Amino acid sequence: MTVTTTAAIAPVLAVDGVTKTFRSGPPWHRRRVEVLRGVSLEVRPGELVGLVGENGSGKSTLMQIIVGLLRRDGGALRVPGRLGYCPQQPLLWDKLTVAEHFELFAQAYRLDQASANTSRDSLLDEFGFARYLDRRVEELSGGTRQKLNLALALMHEPTLLLLDEPYSGFDWETYTRFWEMAEHRRESGMGILVVSHLLAERERLTRIYELRDGRCEVTT
Amino acid sequence: MSRTTVFAREQLRAPFTLALLVTIPALFVVSAAGVLSDFASALGGSLAGDAAVALSAGWAAAFVSGTLGFFQAASSRGADRRLALAARSPARVAVSRIAASVFLAVVAAAAALSALVVRVGVAHPWHAAIAVLAFALLYLAVGVLVGSLVTAPLEGSLLVVFVFLLDAFAGPGMTGGSPPAWAISQKAAEILIAAAAGTSSPAGDWVKAALVTAAALVAAFLAFVASARSRS
């Protein structure tokens, strides 16, 4: 039913035949590693899609190409203007507080003060880390850093949310809350792509792509 | 609160930064002037006395600013790139990051100038202030430039120190000959030495010092923006 409904809607993310080769070593002994050999996948509004693959299969490379951190060698890519990206390693400033992080990203997303405050308070409440608002990142546990990492990607209610191994470091309660958050956002029409080497919650996903030998296949 | 203020606050929260800002200028001006004179006489130069003390204030500001500029750019590179991606404007993040560094460079220059005035006094304090600030801004640019290209702390800081040493030993009065064209702080150093001696520098020196400083800051800005863009 969901598939029939969403299939008629234009995808929020369309990856078509994307290729990527890394070159390393000195010019006289250049090695080429073909990581992506024509990857295609799509995510439509209201879909929660998984991307799995072994370590080194190119999942994070593909994610970085989608968000614009890496250039692709070939293929086509269509992404929306409002993109939320939660990187695998929390990319945060150790000396800044949680509140200052929200402030910087609210400015980056061009949110007005009222929307920024509402969004911040709602995310702090949703992930249960409001008491750390005035703490510096260097004082936070790995799990709380990951919550902040995720919250920053969600602040502006993106059309497409890209999550790269988003729940590493979460305790069981936060892990459960994470999936509730994802389903809630999916129901409200957000397209979500979750990248992980291990996806235990398969029944929650609209479909799963597996990245193997540089190509993507739908597994469910 | 502006992005620049937040970035400046980030740097000031590192205990190492505050220690650098306070101790390095004082140490340089008190102890480095004699070393500079000794090196100059060994290399056949004429740098000595108040001129060496004045120059040591410039090098103090340069060293502190270069180090802070490097660590500002290198240590926060991942988070800055993410912010640039969210804002879809690496240039805005670059402007804020460099503006925060300029604030620290001004503080470093003020500390170095204060140490200089306390130690020997300066005949033309405003000229000296501008010259010390030029040193600080030049090396801030060198630090940010290196930090945008090299993230490893050891390699990056060594590279900043390498540029610093080459420039210091090639400066005016350090050898018997004229400073080479690549000595980036040459004009700022000549203005500083002249200010300490109570003489005014020719207009051409001021213009050249301003141009070199501006070019260095532009290069640092471009390197920062390039490092925040997509990599191939």
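Predicted model: local features only at pLDDT ≥ 70, side-chain atom pairs only at ≥ 80, totals over all residues.
Residues are numbered from 1 along each chain as its sequence is written, and chains are lettered from A and ligands numbered from 1 in the order in which they are written.

**View 1. Chain B is built from 9 helices and 0 strands.**
Helices (H or I, at least four residues) and strands (E, at least two) are DSSP runs, numbered from the N terminus. Along the sequence, the pattern of chain B reads α-α-α-α-α-α-α-α-α. The radius of gyration of chain B is 17 Å, close to the 17 Å given by the globule rule for 232 residues, so chain B is as compact as a globular protein of that length. The radius is taken over C-alpha atoms, and the rule is 2.2 Å times the number of residues to the power 0.38. The C-alpha trace of chain B spans about 55 × 35 × 30 Å along its principal axes. Of the 232 residues of chain B, 56% count as buried; a residue is buried if 20 or more other C-beta atoms lie within 10 Å of its own, exposed if 12 or fewer, and partly exposed in between, with C-beta atoms placed from the backbone.

**View 2. Val132(B) belongs to the largest nonpolar core.**
A nonpolar core is a set of buried Ala, Val, Leu, Ile, Met, Phe, Trp, Tyr and Cys residues joined through C-beta atoms within 7 Å. Of the 153 residues in this core, Ala54(B), Ala112(B), Val132(B), Ala136(B), Leu138(B) and Leu192(B) touch the most other members. Helix α6 (residues 125–149) of chain B gives the largest share of the core, 18 residues. Beyond its neighbours within four places in sequence, Val132(B) is in contact with residues including Ala57(B), Gly58(B), Ala112(B) and Leu192(B); two residues are in contact if their C-beta atoms, placed from the backbone, lie within 7 Å. In soluble globular proteins, nonpolar side chains tend to be buried together.

**View 3. Leu137(B) lies in helix α6 of chain B.**
Leu137(B) is buried, with 28 other C-beta atoms within 10 Å. Leaving aside neighbours within four places in sequence, the contacts of Leu137(B) are Val102(B), Ala105(B), Thr213(B) and Leu217(B). The C-alpha atoms of Leu137(B) and Leu104(B) are separated by 9.7 Å, although the two residues are 33 residues apart along the chain.

**View 4. Chain B meets chain A through 18 residues, in contact with 19 residues of chain A.**
Helices α1 (3–12) and α4 (77–87) of chain B each supply at least two residues of the side that touches chain A. The largest share of that side, 8 residues, comes from α4(B). Its residues divide into 8 nonpolar, 4 polar and 6 charged. Here Ala, Val, Leu, Ile, Met, Phe, Trp, Tyr, Cys and Pro count as nonpolar, Asp, Glu, Lys and Arg as charged, and the others, Gly among them, as polar. Within α1(B), the buried residues are Arg3(B), Val6(B), Phe7(B), Ala8(B), Glu10(B) and Gln11(B). Their cover includes α3 (98–108) of chain A together with α2 (15–42), α3 (49–75) and α5 (90–119) of chain B.

**View 5. In chain A, 6 strands form an open sheet with mixed pairing.**
The strand order is β5-β6-β7-β3-β8-β9; two strands pair if DSSP finds at least two bridges between them. Strands β5 (83–86) and β9 (215–218) of chain A stand at the edges with a single partner strand each, so one side of each is left without a neighbour in the sheet. Strands β3 (residues 48–52) and β8 (residues 207–212) of chain A pair in the parallel sense over 4 bridges, and the bridge partner of Val49(A) in β8(A) is Arg207(A).

**View 6. Helix α2(A) lies across β1, β2 and β4 of chain A.**
These strands form an open antiparallel sheet in the order β2-β1-β4. Strands β1 (residues 13–24) and β2 (residues 31–43) of chain A are joined by 10 bridges. They form a hairpin with 6 residues between them, and Gly25(A) in the turn has a positive phi of about 90°. Of the 9 residues of α2(A), 9 are buried. Just after α2(A), Gly68(A) takes a positive phi of about 100°.

Terms used: Axes fitted to C-alpha atoms, helices over the stretch in contact; angles between N-to-C directions.
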